[in-house]
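Below are my notes on the model, as numbered points. Please read them beside the coordinates.

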Amino acid sequence: MQIWVDADACPKVIREILFRAAERVKVPVILVANSAMQAPRSRWVRTLQVSAGFDVADNEIVRRLEAGDLVITADIPLAWEVLEKGGHALNPRGERYTRDTIRERLGMRDFMETLRASGVNTGGPATLSQKDRQAFANQLDRFLTAAGR
């Protein structure tokens, strides 16, 4: 099992939680991004820089993903593809995407996109809070514990 990170949009504090987890449980963490990423020197953490372009990093993650791998992303369509390929998806706020929830999340995403296209200012996501960070760390720990069994 590996952890793939949609790293261009992943907050630094979440990446740091992942780096600590990689060392603790000895699981590879791969940061995939269009730009150069900083990562600690570790045999468990590496970066993969892809060319610039729409969904290039997402497509590379899906291409390399194996069933059972975990992907960290806030990108709903990417999470959908991950689940379809037998992987697991977790967003930086600690929400674990499942087959039961992903359709609803896709529908809401499409609705919001339609509102934005019609000129409605929907705002952006709220700033990542301490509660969000804790929820992410807890959900990651649950996943890693279950995967280690």
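1. Strands β2 and β3 run parallel and are joined by 5 bridges. One of the pairings sets Leu31 against Thr47 in β3. Strands (E, at least two residues) and helices (H or I, at least four) are DSSP runs, numbered from the N terminus. Two strands pair if DSSP finds at least two bridges between them.

2. On provenance: the model is predicted, local features need pLDDT of at least 70, side-chain atom pairs count only at pLDDT 80 or more, and totals for chains, interfaces and linings use all residues. Residues are numbered from 1 along each chain as its sequence is written, and side-chain values use heavy atoms, with hydrogens and water left out.

3. The other pairing of β2 recorded here is with β1, in the parallel sense, over 4 bridges. Ile3 has Val29 in β2 as its bridge partner. Between these two strands the chain passes through α1, and the β-α-β crossover is right-handed (with the strands pointing away from the viewer, the path from the first strand over the helix to the second runs clockwise).

4. How many residues of β2 are buried? The count is 5 of the 5, so the strand is largely enclosed by the rest of the structure. Val29, Leu31 and Ala33 cover one side, Ile30 and Val32 the other, and all are buried. Buried means under 20% relative accessible area, exposed over 50%, and partly exposed in between (1.4 Å probe, protein chains only).

5. The open sheet has 6 strands in the order β3-β2-β1-β4-β5-β6, with mixed pairing. Its edges are β3 (45-49) and β6 (96-97); each has a single partner strand, so one side of each is left without a neighbour in the sheet. At the β6 end, β5 (residues 88-90) and β6 run antiparallel, joined by 2 bridges. Leu90 is paired there with Arg96 in β6.

6. Two helices lie across the sheet strands. Helix α2 (residues 56-64) lies across β1 (3-6), β2 (29-33), β3 and β4 (70-72), at about 170° to β1. Helix α5 (residues 130-147) lies across β1, β4, β5 and β6, at about 160° to β5. Contact means heavy atoms within 4.5 Å; axes are lines fitted to C-alpha atoms, for helices over the stretch in contact, and angles run from 0 to 180 degrees between N-to-C directions.

7. The structure holds 5 salt bridges (a side-chain nitrogen of Lys or Arg within 4 Å of a carboxyl oxygen of Asp or Glu). In one of them, the closest N and O atoms of Arg24 and Asp141 are 3.2 Å apart. This pair links distant parts of the chain, Arg24 in helix α1 (residues 12-25) and Asp141 in helix α5, 117 residues apart. Arg24 is exposed at 51% relative accessible area, whereas Asp141 is partly exposed at 36%.

8. Arg99 and Glu84 also meet in a salt bridge (3.2 Å, N to O). Here Arg99 in helix α4 (residues 99-117) is linked to Glu84 in helix α3 (residues 76-84), 15 residues apart. Glu84 is partly exposed, at 45%. Elsewhere, salt bridges that share partners join Glu60, Arg63 and Arg64 into one network.

9. Glu60 is buried, with a relative accessible area of 17%, while Arg64 is partly exposed at 30%.
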